[in-house]
Amino acid sequence: MTEERSDSAAALMPSGRLEAFSDGVFAIAITLLVLDLAVPPRDQVRTGGLGSALAHQWPSYFAYLVSFLVIGIIWVNHHTFMNKLARVDRAMLFLNLLLLLFVVFLPYPTGIVADYLKVGGWDAKVAVALYGAVMLGMSLAFSAMYRWAGRHDELLDESVDVGQHRAAFRQFAVGVPIYAGLVAVSFLSAGVALAGHFALAVFYVFDQTVARAGA
């Protein structure tokens, strides 16, 4: 039994190492978003003026704003979550990698939305649906991390109330079904779906990892 506990302890890693690695990935992903903001072609500037050319690129600005907000909020919530962990195990490392997979991928659908939102029609709906699918993947990965920590409370810091952590899971994971719904809404209205993503990002500005009274 002593050897078994020793092997288990050896498999654990201080949560600070995982957070430091993740911070670097978040920084790269959020910086990549700006690459989709292109300088207006000179032929557009000659025919309609620079102001008109810049205004024509409004979908790029909106997509950038939403994705910057999303990645920034995920980073803040990731930091909050890491503060509740004293250590991480192998499974948590892989779940965190899954989260980062979607975070780093987000600039790609952001660029697609920026391009096809101007076109409109079915292609714009498909673009926003792809964006929503990536957001759903991020939500599932983050919720899985939160759930895993609740089921393996040896990972949690001693100051964390295990019961409260588990009770807060429902309100923390509420984004999963909503993101799934927004994917479906995308095929009805790309604009409404994007507004929903923005609203959900604002919802997660507030710490959803603390159980509300009576929850």
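Biologist: Is Phe81 buried or exposed?

Modeller: Buried means under 20% relative accessible area, exposed over 50% and partly exposed in between, with a 1.4 Å probe and protein chains only. Phe81 has a relative accessible area of 1%, so Phe81 is buried. This is a predicted model, in which local features need pLDDT of at least 70 and side-chain atom pairs count only at pLDDT 80 or more, while totals for chains, interfaces and linings use all residues. Residues are numbered from 1 along each chain as its sequence is written, and side-chain values use heavy atoms, with hydrogens and water left out.

Biologist: How many aromatic pairs does the structure hold?

Modeller: Rings of Phe, Tyr and Trp (its six-membered ring) pair if their centres lie within 6.5 Å; planes under 30 degrees apart count as stacked, over 60 as edge-to-face and the rest as tilted. The structure holds seven such pairs. One of them joins Phe81 and Phe142 edge-to-face, at 6.1 Å centre to centre with 80° between the planes. Helices (H or I, at least four residues) and strands (E, at least two) are DSSP runs, numbered from the N terminus. Phe81 belongs to helix H4 and Phe142 to helix H7, so their pair ties together parts that are 61 residues apart in sequence. Phe142 is also buried, at 7% relative accessible area.

Biologist: Which residues form one aromatic cluster?

Modeller: The cluster consists of Phe81, Phe142, Tyr146 and Phe169. A charge sits over a ring if NZ of Lys or CZ of Arg is within 6 Å of the ring centre and within 35 degrees of the ring normal. Here Arg147 lies over the face of Phe169, 5.0 Å from the ring centre.

Biologist: What does His165 touch?

Modeller: Contact means heavy atoms within 4.5 Å. Not counting residues up to four places away in sequence, His165 touches Phe81, Tyr146, Ala149, Gly150, Leu156 and Val160. His165 lies in helix H8, residues 162–167, and is buried, with a relative accessible area of 3%.

Biologist: Which residues have the most contacts inside the largest nonpolar core?

Modeller: A nonpolar core is a set of buried Ala, Val, Leu, Ile, Met, Phe, Trp, Tyr and Cys residues joined through side-chain atoms within 4.5 Å. The largest one has 53 residues, and Val70, Phe81, Leu85, Met92 and Met138 have the most contacts inside it. Helices supplying at least two residues each include H4 (58–83) and H7 (121–151). H7 gives the most to this core, with 13 residues. Leaving aside neighbours within four places in sequence, Leu85 is in contact with Ser15, Met92, Ala149, Leu155, Leu156 and Asp157.
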